Amino acid sequence: MTTMTRPTTGTGAVQVSGLTVRHRRTTALDGVDLDFGTGVHGLLGPNGAGKTSLIRVLATVARPTGGRVELFGGDLTAPRTLRDARRRLGYLPQDFGYYPGFTVREFVAYVAWLKEMPADTTPAAVERAVARVGLADRIDAKIRTLSGGMVRRVGIAQAVVNAPQLLLLDEPTAGLDPEQRVEFRSLLRELGEEATVIVSTHLVEDVAAACTDVTLIERGRVAYRGTPQSLAALGRDGDESDGNTTERGYTAALRAHRTHLTGGGQA
Amino acid sequence: MTSFALYARSRALPTTLAAFAAATLFTLWAATRPETYVDPQRRIPLLALAPLLATSAIGVSLHQYAQELDRTAARPWWRLRLAHLLALTALAALLLAMAVPGHSQEFGAVAMVRNILGATGITAAAAVLVGARLSWLPTLLYFGAVFLSYSAPHLRTATVWTWSMQPGPQRAAWAVAMTAFVVGGALYVAVGTRRERERS
C-alpha cells in the first residue's frame with residue numbers, strides 16, 4: 001500500500017480491521033483495515049475493486065466473511081448495537097429502488113419511519129432534507145415522474161433525513177448534471193463538518209473537490225490512503241494529456257499497487 | 001399520511017385487497033351455481049383456484065422495491081413480516097371460506113381454509129427462495145401438478161401429495177397444510193424475501 005500524508009480523521013465513527021468479504025469464489029475485500037472519523041472520505045477504485053462491498057458492510061446490509069467492524073465504537077454483532085447504528089446512519093445505494101406510487105415526501109417519510117424517527121419531528125425533517133437537495137418545489141411530485149438526476153437527489157434526501165452521523169453514499173453523483181454535481185459537492189462539504197461521510201465513486205474530480213481523505217481500493221485491498229492533494233502530487237510529473245494531476249495520481253497509485261502485488265517492486 | 005398507510009402502500013396492499021375481493025366474488029359466483037351447490041365434487045377445482053389467486057396476491061405483496069434501504073431499517077422487520085403474513089392469510093381465509101356456503105364437511109369452507117394455509121406456506125417459502133415477485137409460481141406448479149395427477153387411482157389416497165384435494169376434515173391433509181404454513185411462514189418471518197436486484 002502507498003501511504004502519503006495521513007489526514008486527521010478525528011474520533012473514528014468507523015473502525016474496520018481484517019475485513020474480508022467473499023461472494024462465492026470471488027474475494028471482494030481481502031483483510032482491509034480502515035478507520036474513518038468526521039470529514040468527507042472518498043473511496044476510489046476501478047469497477048469491481050470492492051468499494052460497493054465495503055459500503056454495504058458499513059451500511060449493515062451485507063455481512064462480512066471475516067474481520068471486525070465497529071460503528072460508533074460498538075461491535076455490529078450485538079443486536080442492540082446494530083439497531084442503534086442503523087438509527088444513526090444514512091445510506092444511498094447505487095440502485096436504491098423506490099415505491100412507484102410514492103411522492104418525494106412520502107418516500108423520504110417512509111425512510112424516516114424505517115429509522116424510527118419520532119413521528120412529530122418527521123414532517124419538518126422530511127421538508128428540510130428535500131430542501132437541501134433542491135427539490136422543495138417537487139416535494140409532492142410522484143417520484144416516477146422525475147428525471148434520473150432528480151431521482152438521485154431524492155436518494156440523497158432520504159439518506160440525510162435522519163441527520164446521520166455516518167453517511168454512506170455509493171456513486172452519489174451518477175446521473176447528476178455538472179451544476180448539480182457542484183451543488184452536491186458543496187452539500188457534502190457541509191455534511192462532512194459534523195458527520196463521517198464516506199463516498200464511493202470512480203469520479204476522481206468529485207474526490208478532489210469535496211473530500212478530506214481518499215482511500216484507493218483495488219482488488220479488495222487498500223492500495224493508497226492520503227489526502228487528495230497528496231494523490232495529486234503523485235501525478236505532478238505525468239503527461240498533461242493523461243488528465244488532471246489527481247487523475248494522473250490515481251493512475252500512478254494504481255500502477256504502484258499492481259507492481260507491488262506482482263512483486264515487481266522487489267526487483 | 002401515517003406510517004401504517006406508508007407501509008401498506010409500499011407493499012401494494014390496496015391492490016392485494018382488490019385481488020382478494022375479486023377472488024371472493026368469483027368464488028361466490030362459482031360455488032353458488034346450482035350444479036356446483038348440489039354436487040360438492042364439482043367444487044374441487046374451485047378449492048385449488050381460489051387459494052391460488054389469493055396467495056399469489058399475498059406473495060407479490062411481500063415484494064420490496066427498496067429492499068436495500070429496507071434492510072438498513074432500525075425497526076425489527078420480523079414483527080412486521082409476521083403481522084403482514086398473518087393478517088393477509090386470516091383475511092383471505094375468512095373471505096374465501098364465506099364464499100363457499102354449505103358442504104363444510106366435504107369440499108366447503110373447512111377445505112378452503114386448509115388450502116389457503118398450505119398455499120400461503122408454500123408461497124412464503126418461495127418468496128424466500130426465489131423472490132417475492134415469482135413466489136406464486138411454485139404454488140401454481142404444485143397445485144397444478146396435484147390437480148392433474150389426482151385422477152390416477154394410486155394417488156387418491158396419497159394424502160401427503162394430494163392434501164389440497166382431500167375433503168375438509170381429513171386430518172392428515174390438515175397436518176400437511178399446517179406444516180407447510182408454519183415452516184414457510186417461519187422461514188419468511190426469520191429471513192425475509194430473497195434479494196432481487198443485483199448490484200452492478
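Colleague: Leaving aside neighbours within four places in sequence, which residues is A:Phe107 in contact with?

Modeller: This is a predicted model. In it, A:Phe107 is in contact with A:Tyr98, A:Tyr99, A:Phe102, A:Ile143, A:Val154 and A:Gln158, once neighbours within four places in sequence are set aside.

Colleague: Which residues touch the most other members of the largest nonpolar core?

Modeller: That core has 83 residues, and A:Phe107, A:Val108, A:Ala157, A:Leu167 and A:Leu168 touch the most other members. Helix α3 of chain A, residues 104-114, supplies the largest share, 9 residues. Another core, of 47 residues, lies apart from it and includes B:Leu95, B:Val100, B:Ala109 and B:Ala132.

Colleague: How many residues does each chain give to the contact between chain A and chain B?

Modeller: The size of an interface is often given as the accessible area lost when the parts come together. Here I can give residue counts: 27 from chain A and 19 from chain B. On the chain A side, α2 (79-88), β7 (89-92) and α3 are the elements giving two or more residues. The most comes from α3(A), with 6 residues.

Colleague: How do the residues on that side divide into nonpolar, polar and charged?

Modeller: The side of chain A that touches chain B has 15 nonpolar, 5 polar and 7 charged residues.

Colleague: Is B:Gly59 buried or exposed?

Modeller: The cut-off for a buried residue is 20 or more other C-beta atoms within 10 Å. B:Gly59 has 29 within that distance, so it is buried. Its place is in helix α4 of chain B, residues 44-61. Beyond four places in sequence, B:Gly59 is in contact with B:Thr123, B:Ala126, B:Ala127, B:Ala132, B:Ser135 and B:Trp136. One of these, B:Ala132, belongs to the core of 47 residues.

Colleague: How far apart in space are B:Gly59 and B:Met98?

Modeller: They are 22 Å apart, C-alpha to C-alpha, and 39 residues apart in sequence.

Colleague: Where does UniProt place the feature "transmembrane region" in chain B?

Modeller: The unreviewed UniProt entry places it at residues 12-32, 44-62, 82-101, 107-129, 136-152 and 172-191. An annotated span can be set beside the model. Residues 12-32 of chain B are 90% helix and 0% strand, with end C-alpha atoms 31 Å apart. For residues 172-191 of chain B the figures are 100% helix, 0% strand and 28 Å.

Colleague: Which stretch of chain A has pLDDT below 50?

Modeller: Where pLDDT is low, the predicted coordinates should not be read in detail. Chain A has a mean pLDDT of 88, and 92% of its residues reach 70 or more. The stretch below 50 is residues 4-10 of chain A, which has 18 contacts in the model beyond near neighbours in sequence.

How values were computed
Residues are numbered from 1 along each chain as its sequence is written. Chains are lettered from A and ligands numbered from 1 in the order in which they are written. This is a predicted model: local features need pLDDT of at least 70, side-chain atom pairs count only at pLDDT 80 or more; totals for chains, interfaces and linings use all residues. Helices (H or I, at least four residues) and strands (E, at least two) are DSSP runs, numbered from the N terminus. A residue is buried if 20 or more other C-beta atoms lie within 10 Å of its own, exposed if 12 or fewer, and partly exposed in between; C-beta atoms are placed from the backbone. Two residues are in contact if their C-beta atoms, placed from the backbone, lie within 7 Å. UniProt positions are given in the numbering used here, feature names are shortened, and annotations may be inferred rather than shown by experiment. A nonpolar core is a set of buried Ala, Val, Leu, Ile, Met, Phe, Trp, Tyr and Cys residues joined through C-beta atoms within 7 Å. Ala, Val, Leu, Ile, Met, Phe, Trp, Tyr, Cys and Pro count as nonpolar, Asp, Glu, Lys and Arg as charged, and the others, Gly among them, as polar. pLDDT is the predictor's confidence in each residue, from 0 to 100.
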